[in-house]
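Q: Please take a close look at a single part of this model and describe it in a connected account.

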Amino acid sequence: MEILNTDKLKKQIIDHLEKSQINNKLLILSMNPNSEEISYKKFIIKKCQQFGIDFVDKEFDSATNPGQIIDFANGFNKDDGFILLLPFDNYKYLDIIRSEIKIRDLDGFTYSSQGRALNGQIGYLPATPKAIARYLQSITDLRGKNITIANRSTLIGLPLATYLSRSRATVSVINSLTKNQKELIQSSDIFISAIGRANHYDKTYFRDGQILIDVGTSYVNGMIVGDIDYQDLKDLDIKVLTSKKGIGALTTLTLIEGLID
């Protein structure tokens, strides 16, 4: 087993950010954020401070009407960027917000961004699938590859599958009801998991020669644990990007990079 890393791509993005003059603001929009959202928000703010980027941290409560949220966001310069932290308290007016926010979308939230991503424009993908796609492109040719994705969300699995398909890969998206999961995963050249189940996939799912991208995170005894049981793969000739120092390290950087004109 070979453990992969994102160091080279991470350095490229950091160099790009350090050499760029970013005058645009980053709006971080949340509603009654949970602990996970607060943790992610703090990490974004830390990166903004690292690169000298102005940011606005705005929290709404569930009584806020959608017009107020839209007016607040659209009151900034059109070149300022925003990220809306989901689930946004399961707000029932998300469809309206997706349609009406006009400033720069950094995380593939608006319908306009989703349409452009569907057309194969990587810059309009949500931050996590954008980071995954860029990393894969940096280590292999995607054309003709069989890829299986264990995630069907609109934040990761579906936009990533669409983009990889347009890159001429053959993509399968699996879920808990998918039959013959082991056979599908074993037949793949690349397997991407983001299900959030600690050590769910052991060596019986894999074969020699594959690339595995683990995006899932779970907390077990205070430790971050991925979806793949790495200890069980030691005897396989396989390449693995783990969840600890993998895609997560790229996601926020690619998000902030979207502010560069």
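Which residue stands opposite G81 in β4? Please set out the surroundings of that strand in detail.

A: In this predicted model, the residue opposite G81 in β4 is L26. The pairing behind this position links strand β2, residues 26–31, to β4 through 4 bridges, and the two strands run parallel. Strand β4 itself spans residues 81–84. A further partner of β4 is strand β5, residues 104–105, which pairs with β4 over 2 bridges, again in the parallel sense. In that pairing, F82 is placed opposite D105 of β5.

The burial of β4 can be described face by face. G81 and I83 lie on one side of the strand, F82 and L84 lie on the other, and all of these residues are buried. Both faces of β4 are therefore covered, buried being defined as under 20% relative accessible area.

For a view of helix packing elsewhere in the chain, one may turn to α6 and α7. Helix α6 comprises residues 127–139 and helix α7 residues 157–166; their axes lie 9 Å apart and form an angle of about 35°. The crossing of α6 past α7 is right-handed. On the α6 side the contact involves P129, I132, A133, L136 and Q137, which meet P159, L160, Y163 and L164 of α7. Sorted by class, this contact consists of 8 nonpolar residues and 1 polar residue, with no charged residues.

Key:
Residues numbered from 1 in each chain as written. Predicted model: local features only at pLDDT ≥ 70, side-chain atom pairs only at ≥ 80, totals over all residues. Heavy atoms only, no water. Axes fitted to C-alpha atoms, helices over the stretch in contact; angles between N-to-C directions. Left-handed = near helix turned anticlockwise from the far one by under 90°. Contact = heavy atoms within 4.5 Å. Nonpolar A, V, L, I, M, F, W, Y, C, P; charged D, E, K, R; others polar. Buried < 20%, exposed > 50% of the residue type's maximum accessible area, 1.4 Å probe, protein only. Pairing = 2+ DSSP bridges.
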